[in-house]
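My entries follow in the order in which I looked.

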Amino acid sequence: MKENSKILGLLGLATKAGKAKSGEFSTEKAVKSGQASLVIVSRDASENTKKMFRNMCTYYKVPYYEFGGREELGAAMGKQMRVSLAVTDPGFSSAILKQLCLNGGSECEGE
């Protein structure tokens with residue numbers, strides 16, 4: 001579970017640096033405008049939300065992950081519950097992706 005806290009810490013740093021957008025509308029806008037370099041959706045999001053972001057990220061070629069719960073993601077960002085977020089900085093994104101892969105992410109083959 002140590003990797004989880006590293007990921008949440010990185011999300012907190014990205015948020016403080018203004019390099020993360022959260023909430024469905026802001027996340028969608030970041031993906032469609034080409035700003036997003038990583039999208040994370042909470043594991044307890046609705047299937048419709050997951051499907052929408054999965055399809056959108058596939059189309060726009062943005063890495064997509066399901067990670068943590070909405071409370072965890074919200075707390076990491078210093079906000080209320082967050083179901084979806086986009087990281088807009090490539091440096092933060094690659095650091096978070098690296099941690100997600102260490103955490104056993106299934107999307108990491110070939111990274």
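**Entry 1: aromatic pair**

I searched the whole structure for aromatic pairs and found one. I counted rings of Phe, Tyr and Trp (its six-membered ring) as a pair if their centres lie within 6.5 Å, with planes under 30 degrees apart called stacked, over 60 edge-to-face and the rest tilted.

The model is a predicted one, in which local features need pLDDT of at least 70 and side-chain atom pairs count only at pLDDT 80 or more, while totals for chains, interfaces and linings use all residues. Residues are numbered from 1 along each chain as its sequence is written, and side-chain values use heavy atoms, with hydrogens and water left out.

I then looked up accessibility, where buried is under 20% relative accessible area, exposed over 50% and partly exposed in between (1.4 Å probe, protein chains only). Tyr 59 is exposed at 65%, and Tyr 60 is partly exposed at 34%.

**Entry 2: Lys 61**

I noted a positive phi of about 55° at Lys 61, which is not a glycine. Lys 61 sits in the loop between helix 3 (47-60) and strand 3 (64-66). Helices (H or I, at least four residues) and strands (E, at least two) are DSSP runs, numbered from the N terminus. Lys 61 is exposed, at 72% relative accessible area.

**Entry 3: nonpolar cores**

Which residues have the most contacts inside the largest nonpolar core? They are Leu 11, Ile 40 and Ile 96, in a core of 19 residues. I took a core as a set of buried Ala, Val, Leu, Ile, Met, Phe, Trp, Tyr and Cys residues joined through side-chain atoms within 4.5 Å. Two or more residues each come from helix 1 (2-16), strand 2 (38-41), helix 4 (70-76), strand 4 (84-87) and helix 5 (90-102). Helix 1 gives the largest share of this core, five residues.

I also found another core lying apart from this one; it has twelve residues, including Ala 30, Ala 45, Phe 53 and Met 56.

For Ile 96 I listed contacts (heavy atoms within 4.5 Å). Leaving out residues up to four places away in sequence, Ile 96 touches Ile 7, Leu 10, Leu 11, Leu 38, Ile 40 and Val 87.

**Entry 4: helix 2 against helix 3**

I looked up how helix 2 (residues 24-32) packs on helix 3: the angle is about 15° and the axes are 10 Å apart. The axes are lines fitted to C-alpha atoms, for helices over the stretch in contact, and angles run from 0 to 180 degrees between N-to-C directions. The two helices are therefore roughly parallel (under 35 degrees; over 145 is roughly antiparallel, 65 to 115 roughly perpendicular, the rest oblique).

From helix 2 the contact is made by Glu 24, Thr 27, Glu 28, Val 31 and Lys 32, and from helix 3 by Thr 49, Met 52, Phe 53, Met 56 and Tyr 60.

Lys 29 also belongs to helix 2 and is exposed, at 54% relative accessibility.

**Entry 5: Asp 89 and Ser 94**

I placed Asp 89 in the loop between strand 4 and helix 5. Asp 89 touches Lys 19 and Ser 37, not counting residues up to four places away in sequence. Ser 94 is in helix 5 and is partly exposed at 43%. Its C-alpha atom is 8.5 Å from that of Leu 38, a residue 56 positions away along the chain.
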